[in-house]
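Subject: Structure handover

Hi,

My notes on it follow below.

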Amino acid sequence: MQLHRLSDLGGVRVDGVDLTARRTPEEDRALMTLFNQHGLVVFSDQKLTKRQLVEAGAPFGGTMSNVPVPAADPEAVGLSVLSNRGADGNLVPGDPDRMYGAAGWHTDQGYVAAPNRGKILYGVQVPEEGGMTGFIDGQSTYAALSEDLRSRVEGLHVIQSWDHMRPEASDERKYRQDGEKELTRGRFVDVVYPIVYPHPITGTKVLNFPPMWAARIAEVPGPEGEALARALVEHITQQKFQYWHRYRLGDAVLWDNWRFLHAASGTPGRYARTVWSVALRSSPELGRALQTAAE
Ligand SMILES: [Fe+2]
């Protein structure tokens, strides 16, 4: 197994590991340690069937199917297919010059109390242009906070809301075929998360303010809270914290959803792009559900 840094921002590419190979418990633990340490791990040159991708989640805690609608692929329960091509190979919805599938910075399932541990995205059809996944490490953005911001966010909480996601924040919904009818407003009750939390496994502090879900700061109402929220988003989304992964065919990209934000660059319609994804099982509740508003 050879490790190479993905960029100066961290994350590693792993060559020489076949995720379908039989492993000893020690080898599984070594993979989990690698995941916990780096949080972003790209396994090169994989050749996976759908079922093998689901099974590849085993050393990292196993997979779950609820992302955010139960993924029920007939070949592999728990797997989601994201593609800008329909089953007949035609472009959906069909403009070669438009970008499809762009999504802003978010955590997965940041609108529930116990979000998935992470995800594996597997590049099945890799476009010549676009199709990238962006990553921002919440440990790095926390470590780089100014003294002033760090002291101001200490002990504060963010209200994370499914309904905060504007339709333009993601156009995935326009062409994903699994359960799009269920991706409606009001589907999830708002949750409250600490803005800074220790990573449940490593204990390293993570700055948590996912722009897609962060509706407001619980303890700071009005313009002061809005200004603080803007300052946090500006800090977190600086170019210098962004790593954009350009897929090679067969890349299986694993990341820690308790630590990283991610985003999608989108793909020009003229290129086919298909990824399969599985979500890793959640365990601790990072947030807690708020009561529904009194009716
Ligand atoms: Fe996502």
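Start at Phe43. Leaving aside neighbours within four places in sequence, Phe43 is in contact with Val14, Val17, Leu19, Ala252 and Leu254. Contact here means C-beta atoms, placed from the backbone, within 7 Å.

Two notes on the basis. This is a predicted model: local features need pLDDT of at least 70, side-chain atom pairs count only at pLDDT 80 or more, and totals for chains, interfaces and linings use all residues. Residues are numbered from 1 along each chain as its sequence is written.

**Core**

Phe43 belongs to the largest nonpolar core, which has 59 residues. Phe43, Leu53, Ile120, Tyr122, Ala252 and Leu254 touch the most other members. Strand E19 (residues 274-280) gives the most to this core, with five residues. A nonpolar core is a set of buried Ala, Val, Leu, Ile, Met, Phe, Trp, Tyr and Cys residues joined through C-beta atoms within 7 Å. Buried means 20 or more other C-beta atoms within 10 Å of a residue's own; exposed means 12 or fewer; partly exposed is in between. Helices (H or I, at least four residues) and strands (E, at least two) are DSSP runs, numbered from the N terminus.

**Helix H1**

Helix H1 covers residues 25-38. Its 14 residues should span 20 Å at 1.5 Å a residue, and its end C-alpha atoms are 20 Å apart, which agrees. The expected span is 1.5 Å times one less than the number of residues. Leu31, Phe35 and His38 are the buried residues of H1. Seen down the axis, they fall within an arc of 90°, so they line one face of the helix. The arc is taken from the directions from helix axis to C-beta atoms. Pro25, Glu26, Arg29 and Thr33 are exposed, on the face turned away from the buried side. What covers the buried residues includes strands E2 (12-15), E3 (40-43) and E16 (252-256). Just after H1, Gly39 takes a positive phi of about 75°.

Four strands form an open sheet in the order E14-E10-E11-E20, with antiparallel pairing. Strands E14 (214-217) and E20 (288-289) are the edges, each pairing on one side only. Pairing needs at least two DSSP bridges between two strands. Three bridges join E10 (residues 157-160) to E14. Val158 stands opposite Ile217 in E14.

Leu156 is in the loop between helix H4 (147-153) and E10. Leu156 is partly exposed, with 17 other C-beta atoms within 10 Å. Beyond four places in sequence, Leu156 is in contact with Ile195, Ile217, Glu219 and Val220. The C-alpha atoms of Leu156 and Val220 are separated by 8.4 Å, though the two residues are 64 apart along the chain.

Best wishes

Key:
Contact = placed C-beta atoms within 7 Å.
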